[in-house]
Amino acid sequence: MLAYALLFHRPAPEGRVRTVESRRDMFKKILVANRGEIAMRIIRACRELNIATAAIYSEADSTGIYVKKADEAYQVGPGPVKGFLDSRQIVDLAVRIGADAIHPGYGFLSENAEFAELCQTAGITFIGPSPHAITLMGSKVKARELAKQVGVPIVPGTEGGVADVKDGLAFARQAGYPVIIKASAGGGGRGLRVVRSDAELRENMEAAAREAQASFGDGSVFIEKYIERPHHIEFQILADRHGHIIHLGERDCSIQRRHQKLIEIAPSLILTPKLRDTMGEAAITIARAVQYDNAGTVEFLLDQDGRFYFIEMNPRLQVEHTVTEQITAIDIVRHQISIAAGKPLDIRQHDVTLQGHAIQCRINAEDPKNNFMPCTGTVTAYLSPGGIGVRIDGAVYKDYTVPPYYDALLAKLTVRGRTWEETVSRMRRSLEEYVLRGVKTTIPFMKAIMQDPDFLAGRFDTSYLDTHPDLYHYDEIEQPEDLVLALAAAIAAYEGL
């Protein structure tokens, strides 16, 4: 077994690990099984609750801010990624250091039912839903079947996986093109293919299955009717272990590229109060049907005629939870921890009010002009924006080296305003203030979107980026410091010849 390297350590009392059922107080120590900005988000919530934290890191991530901010930090491995995916190593570490809970954040092991079960077996609380709920919601096919059983609308599709191309062709011809091929165990936009003809279906079905197998270890796929130009609407759920389930309103996540979200807003600009109530009740119905507890997100497509369809439930915290927190003043991560500790929700549905508007922009180390190619390098200058209604969730700083092994997300910039117009204006101003040099980022691309008349007017759906190619023609302002650094690098390279 790989040895753990201890950076910071505050000794834990011996013999503290207890069974989940016997624990009635708040946790004493939480191991954060993640990295980067979400690890920082969890550590902050724990500090407010006076809970000690233990971070894990790879050698490539040893200089991360979250490593320094946690009360304890331990190196895991081997390599930059495997340690974050090694369920046994992480649970053994939690037991060894006396942690009584693990928060998985999002990504990595957050939707791994076997990891949740392993935590339970070891007497460690998994801060998330039950293994049963993760398993059920982790399969899009099973989730669709459940939604249909409880009367929530679903997009017409194949019942169960599609075994061969013939079955796929039969459904597509009956439903009519376009259709979308989806990985049964999919997520994050992987394993998706939109096809508009028999020839495209034949070509893409096998490719989708290969991508699904590579990404999720499950090569099964199913096919749905493709809804043209919908809004992607998701409802935030909180559910405790005492039968209370509420929703915190919706987020519009329609601005995406290749099914990857870039900008999220709350609340939606197109939902009426009546439709919000109807969709919110549908989300709660699905959560109740799987006896869900903790935080989760129920996702829908809303078509041009105002009809909504369930597509999936994410049994974890979402990247974009910040916009919901900004308009409800409800700390979702804090409630995750409280619910996992067995405490009942201290809010009811009538307590939830949506105040103003919020926008989140994902500040990624990517080059939008080059098909969002991930970028690595060292941050040569960093200055985050501030002022009223501005929030930064990040783990980047001057001299931080962006590693090539992880998601490209550097920070999340979230702003809130009283009106939609004020919120867009505040985001534009915040992006103008944001200084992050040394690597290409999505900041200038986001600024272009904030100045687009269609975005300002709320005229956007999932086709927005495809129908606005001019957004990619933004100006990249060269900073004098960048030119000096580039010149120095060129001189050094020349002298080394």
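A residue is termed buried when its relative accessible area is under 20%. The legends below describe close-up views of a predicted model.

**View 1. Strand E22 and its pairing partners.** Strand E15 (residues 357–364) pairs with E22 in the antiparallel sense through 8 bridges. Within this pairing, Arg416 of E22 stands opposite Ala358. Strand E20 (residues 390–394) also runs antiparallel to E22, to which it is joined by 5 bridges. Here Leu413 of E22 is the bridge partner of Ile392.

View 2. Thr297 belongs to strand E13, which covers residues 294–302. Its relative accessibility is 0%, and Thr297 therefore counts as buried. A polar contact of 3.3 Å links the side chain of Thr297 to the side chain of Arg251. Beyond its neighbours within four places in sequence, Thr297 is in contact with Glu234, Phe235, Gln236, Arg251, Glu312, Met313, Asn314, Arg316 and Gln318.

**View 3. The packing of helices H5 and H6.** Two packed helices are described by the angle between their axes and the distance between those axes. For helix H5 (residues 113–121) and helix H6 (residues 131–138), the angle is about 175° and the axes lie 8 Å apart. Because angles over 145 degrees count as roughly antiparallel, H5 is roughly antiparallel to H6. H5 contributes Ala113, Ala116, Glu117 and Gln120 to the contact, while H6 contributes Pro131, Ile134 and Thr135. By class, this contact of H5 with H6 comprises 4 nonpolar, 2 polar and 1 charged residues.

Terms used:
Residues are numbered from 1 along each chain as its sequence is written. This is a predicted model: local features need pLDDT of at least 70, side-chain atom pairs count only at pLDDT 80 or more; totals for chains, interfaces and linings use all residues. Side-chain values use heavy atoms; hydrogens and water are left out. Two strands pair if DSSP finds at least two bridges between them. Helices (H or I, at least four residues) and strands (E, at least two) are DSSP runs, numbered from the N terminus. Buried means under 20% relative accessible area, exposed over 50%, partly exposed in between (1.4 Å probe, protein chains only). A polar contact is a pair of N or O atoms within 3.5 Å; within protein, one must be able to donate a hydrogen and the other to accept it, and residues adjacent in sequence count only if both atoms are side-chain atoms. Contact means heavy atoms within 4.5 Å. Axes are lines fitted to C-alpha atoms, for helices over the stretch in contact, and angles run from 0 to 180 degrees between N-to-C directions. Angles under 35 degrees count as roughly parallel, over 145 as roughly antiparallel, 65 to 115 as roughly perpendicular and the rest as oblique. Ala, Val, Leu, Ile, Met, Phe, Trp, Tyr, Cys and Pro count as nonpolar, Asp, Glu, Lys and Arg as charged, and the others, Gly among them, as polar.
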